[in-house]
Amino acid sequence: MASPLLPSVTTSIASFRPALFPSKSQTNCLVGNGRHCFAVGGSRLLLLPCKANHGDHNNPSSNNQDEVTSSPEGKFDRRDVLFGLGAGGLYGAAAAGLDLNRFSLAAPIPAPDINSCSLTTEDLKGLDCCPKKSDIIYNFQLPESPPAVLRTRPAAHNAAYHQAYVAKYKLAIERMKGLHKDDPRNFWNQANVHCAYCEGSYHYTMPTKHGIIDGILKEIQVHSSWLFYPFHRWYLYFYERILADLIQDPTFALPFWNWDAPDGMYMPAIFEDDPVLNPLYDANRNAKHRVPGTVLDLNYHGKDDNTKDDDTIIRHNLVTMNSQMLSISSTDWCSFFGHPYRAGYQPNPGAGNIEKIPHNTVHNWTGTDSSLPPNTGEDMGVFYSAGRDPIFFAHHANVDRMWYLWKNNFGGQDIEDTDWLDSSFLFYDEKQRLVRVTVRDSLDTTLLGYDYEYADIPWIDPAYKPTPRFPANKTEPQVSFAELSTKFPATLDSTISVEVARPEEVRNRSEVEKAKQEEVLVIRGIEFPANVPVKFDVYVNDDADSPSGPDKSEFAGSFVHVRHRHDHIIKTNLTLGITRLLEDLGASKDGSVVVTLVPRNGEGKITIGGFSIELSSCV
């Protein structure tokens, strides 16, 4: 397989003499973002105007090297520079050991400095998720056209009928597990990629508004934000290429766990047969749920609901998929991707629909029972260990497929914000090279060389659209709108109902306006310990004493958290689209609604900051 990279080259970083410095030797210009450059003046990093001639970033055949007025004194020792050429242009680190791409006027989340990777917290002594260090970084080069043959990802439940494919898959994982422990392609090192990006191992340093580094470290987190989809797409891309290279089969593709269709709503058999000899087997899965014939519950909350038969669970699953994928406007990208996460923002601004359910619930359903003591087994049920289970990659292949379907089948649009498009990550490729990738290069699966096997999408049937519960016994709120500011923040230790006002501008909109901009319920200031499993359900105008199921319109959605290993406090928000819900309930003109929260897991450890109804800003 040809690698989509340009060869590394020795980089010369030129000097620049701004008017405020009397001598060229006092300041070295370090390549910036095209409008400005970063200059070292004494011991400070300054943001200054910079005249640069850039390569064509839209033409992969160009050198894509930023050329700045040069002088002999501007050269740096090769050991002090990270270098690579690619579609994203030159990027490097100067004598100070800094990745200068992160210091720009825009605010994309930068790729981490893996050489500064650290243990996450004191309670993680002995657990090192950090990858092999490298002083050379390559920029990914996106091909201009798709390959002649795409790698086709098959549905996992169908793959069991293709023995040759399963044999290749098992051989590839077996060889990955057999690689030397220092090889970044090794199975456990690949699992640690997820750990490092999820458990606080990576940070970046923020400059002040004047361009001077303030030294404040910010955590990089790839969950509960708009980075969720592109990070995991890249993670699977390199994992898949490593497996294909290990068996010398460029057509090999990972399977996807088709949990959105009835035939796939079970733990796939290829991961479960022969616990001794099957390299796809993981002992740290929920013992109850791995029993053949056990139906996956996409609304799982840490305990099995024994009041529902299999047919009811399957129907609820299909209604849930309909709600998560089709209940929101195709222009409301926050509800799909998650909320903006820019440089300087706190992590976890808010997850999109699919990340909450079914992504998080499938993690929790698959991993060991969350009622067991922390740090025992776990794998899929805790972020730091999730990548140790091969089923993780099949799960995320279907999550990635939801992005694929949203764009290709349902009119969804990718985010155009450059802070999203220019956010970047680092991965080791099949040749053990450290590669920098950007979100913008992840948008077209065909250019990345893969596609998905056709599979039915039963949840698009109108029969699986949620229906109103009428006649519902609408609960009188325990907290009126006038009391919200005095009653919250509050601990969610039992069911609570509150009145939330709807601003006039959301009540008096035309159908065209509703189609263009989603009305959203925002639950703000959600706080809880990261190592606690959390789930609470949200209902609108329902009976709090006997809330409805996920097949009813009154069910607005859920907040679901997959545990981390560390115990720091996570602060985040939950945003739920309610335009269709209010239409179904005949409440689109009402001045207020009653919102009920029902804790399902983690009750007493969750704080709720407040509520509001507004128009989505993500259009």
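Phe-425 is buried, with a relative accessible area of 1%. Buried here means under 20% relative accessible area, with exposed being over 50% and partly exposed in between (1.4 Å probe, protein chains only). The model is a predicted one, so to speak of local features takes a pLDDT of at least 70, and side-chain atom pairs count only at pLDDT 80 or more, while totals for chains, interfaces and linings use all residues. Residues are numbered from 1 along each chain as its sequence is written, and side-chain values use heavy atoms, with hydrogens and water left out.

Aromatic rings come next. The structure holds 43 aromatic pairs. One of them is Tyr-229 with Phe-337, an edge-to-face pair at 5.7 Å centre to centre and 80° between the planes. Tyr-229 sits in helix α4 (residues 228-246) and Phe-337 in helix α6, so this pair ties together parts that are 108 residues apart in sequence. Tyr-229 counts as buried at 2% relative accessibility, and Phe-337 is buried too, with a relative accessible area of 1%. Phe-425 has its own ring partner, Phe-231: the two are edge-to-face, 5.5 Å centre to centre with 75° between the planes. Phe-231 belongs to helix α4 and Phe-425 to strand β10 (residues 424-428), so the pair bridges parts that are 194 residues apart in sequence. Phe-231 comes out as buried, at 0% relative accessibility. As for terms, rings of Phe, Tyr and Trp (its six-membered ring) pair if their centres lie within 6.5 Å; planes under 30 degrees apart are called stacked, over 60 edge-to-face, and the rest tilted. Helices (H or I, at least four residues) and strands (E, at least two) are DSSP runs, numbered from the N terminus.

Then there are the cysteines. A search of the whole structure turns up three disulfides, a disulfide being a pair of cysteine sulfur atoms within 2.5 Å. Cys-117 is joined to Cys-130, S to S 2.1 Å. The torsion about their S-S bond is about -85°, so this disulfide is left-handed. Cys-117 and Cys-130 both lie in the loop between β5 (67-68) and β6 (138-139), 13 residues apart. Cys-117 counts as buried, at 15% relative accessibility.

Cys-129 pairs up with Cys-195, S to S 1.8 Å. Here the S-S torsion is about 50°, so the disulfide is right-handed.

Cys-334 lies in helix α6 (residues 333-337) and Cys-618 in the segment after β21 (610-615), so the bond ties together parts that are 284 residues apart in sequence. Cys-334 is buried, with a relative accessible area of 3%, and Cys-618 counts as buried at 4% relative accessibility. Cys-198, meanwhile, is in no disulfide; the nearest cysteine sulfur, that of Cys-195, is 7.6 Å away. Cys-198 is buried, with a relative accessible area of 0%.

On to the sheet. Four strands form an open sheet in the order β14-β19-β16-β17, with antiparallel pairing. β14 (496-501) and β17 stand at the edges with a single partner strand each, so one side of each has no neighbour in the sheet. Neighbouring strands of this sheet are turned by 25° against each other on average, direction ignored. Two strands are said to pair if DSSP finds at least two bridges between them. Strand β16 (residues 534-540) pairs with β17 over six bridges, and Tyr-539 stands opposite Phe-555 in β17. Six bridges also join β16 to strand β19 (residues 592-601), where the bridge partner of Val-538 is Leu-597. Seven of the seven residues of β17 (residues 555-561) are buried, so this strand is largely enclosed by the rest of the structure. Helix α7 (residues 353-366) lies across β16 and β17, running at about 45° to β17. Axes are lines fitted to C-alpha atoms, for helices over the stretch in contact, and angles run from 0 to 180 degrees between N-to-C directions.

Finally, helix α8 (residues 391-408) is mostly covered: 16 of its 18 residues are buried.

How values were computed. Contact = heavy atoms within 4.5 Å.
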